[in-house]
Amino acid sequence: MAKILVVDDEEHIRLLYSEELTEAGYEVITATDGYRLIERIDKEKPDLVILDIKMVGYNGLDLLQEIRNKFYNLPVVLCTAYDAFKEDIKSIAADSYVIKSFDLTELKKKIAMALEASIPSS
Amino acid sequence: MFEHEVNPENIKKAAFVVAIPSYNEADTIAFPVQQADKGIQSFFGNMRSVIINCDNNSNDGTKEIFLGIRTGTPKIYISTEPGIKGKGNNFRNLFKKVVDLDAKGVVVVDADLKSITPKWIKHLGEPLFQDFGFVAPLYVRHKYDGTITNSIAYPLIRSLYGRRVRQPIGGDFGFCGELAQTYLQSDTWSDAVANFGIDIWMTTLAMNENIPICQAFMGRPKIHRAKDPGSDLGPMFRQVVGTIFSMMTKFYPLWSKAKWSKPTAIFGFGLGETEMPPPVEVNEEVLSQKFHEGFNSYGHIWERVLQRETVNKLQEIREMDPEQFDFPTPLWLNVLVDFAVAYKDKLWRLDELLDSLIPLYLSKTLSYVKKTERMSIRESEEFIEEECTQFEASKGLLIRRWNKKTGA
């Protein structure tokens, strides 16, 4: 069972994602913000991170940079209410992104793709 | 007088190298050398560094200009033998020198760059000392600039090998010293690689060696010597696309297992406001004309190497109203798959086969220009990303065709 870390400062989003993704067969853990996120990832070893871009006191794109530098191949799906973030070049370090919605069909599709993505070793 | 190497300060070891390949760049090389020197002094001042000009024995005084520039960093000039040309051949000399010098990090920048700043050296070089082995550039490019990259190199390399490198033939990049040894030992060297195929070859090998790759954001567009728009596209196209196709044969066991794609880390922020690229003019009439001429010049090759449905579809878009012209992504994908298979199976003389792809590539470019006409750079990037996802989703089709007997 793949373990997913949901990082979002909105409680209802964390609850929604937890319920729906658990039902879809994933193990879900959550974080309310970016505080000690790298340590948390190091400890919990999630298979994928869903990362909110705008959180109080934290910029998800900066967190994405930190994650990518430390965990080269860890899949990260950006989640946001606004698509203006794509103007920021840092966003291309994410595996994919979704616009927040109560219908998680797109998110589940992106999660499946990111988890399936594989690069064989030579 | 020919000199294979000029090393005025008799440098034997260096941790960091900035290399500038050239052929007859006497009028442009001074600027990138000066910027490289500033970059080294500002950001790698604590390392033993050297600037190397790897040249094709230019006859316009490139060597003298290079050696005459006052720099704080020592310089070495190396050259291929008289009569030996090609960017790749310059790189081969460079790889040997990097191994001799026991360098840990190497940054390469073009000799005709007009927009390079010292920070380019920092951004391409620093990741090499932070666990990354290959650094590709990330420029803001005009949506109509780099169409071989946008239509062929980026989507193909990404969907084949599963790593997203937006500018796999950017020309400016960084690589670690160990990779120089890998490049020297590779059995995939070819005439195409010895020329313009070198960039895509280096990127592809780095991916297949599982070298950690990142992309360095340069903050500015790449501005270099304007190319003569009337110049022959053929050799460069053949060398780049031919290298992609021939590497596909070699690395089939790897790419056939890669699924979807993964992003890379991004380096190089804090450059202030991003500078926008200058506009690129496209002559749509010429693109359309070349496509239509292609039916007369290469129709017999297309009939031989493309699937029947693909040929029919090309006939269909040939009849389209020029204003509504559209080369659908699935059709383009089918064309590339069939050409890659034809190249592997040698269904036609390879140079001519690649030449016959050019009118189709130009018509795909025309279609892209029309579709993105009213799009911003960011929107056109999203359009390309969407095309890449279609390429990735069709990997199974490629594998099936690749393994099907073609009766070569």
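1. Start with Val17(B): leaving aside residues up to four places away in sequence, Val17(B) touches Val50(B), Ile52(B), Val98(B), Leu101(B), Ala103(B) and Val106(B). Two residues are in contact when their C-beta atoms, placed from the backbone, lie within 7 Å. This is a predicted model, in which local features need pLDDT of at least 70 and side-chain atom pairs count only at pLDDT 80 or more, while totals for chains, interfaces and linings use all residues. Residues are numbered from 1 along each chain as its sequence is written, and chains are lettered from A and ligands numbered from 1 in the order in which they are written.

2. Next, the two domains. Chain B splits into domain 1 (5–267) and domain 2 (284–403), with bounds from an automatic or database domain assignment. Where they meet, 24 residues come from domain 1 of chain B and 27 residues from domain 2 of chain B. On the domain 1 side, α5 (147–161) and α8 (234–250) of chain B each supply at least two residues; helices are DSSP runs (H or I, at least four residues), numbered from the N terminus.

3. How far apart are the centres of domain 1 and domain 2 of chain B? Taken over C-alpha atoms, the separation is 29 Å.

4. Finally, the chains meet too: 20 residues of chain B are in contact with 21 residues of chain A. The chain B side has nine nonpolar, five polar and six charged residues. Here Ala, Val, Leu, Ile, Met, Phe, Trp, Tyr, Cys and Pro count as nonpolar, Asp, Glu, Lys and Arg as charged, and the others, Gly among them, as polar.
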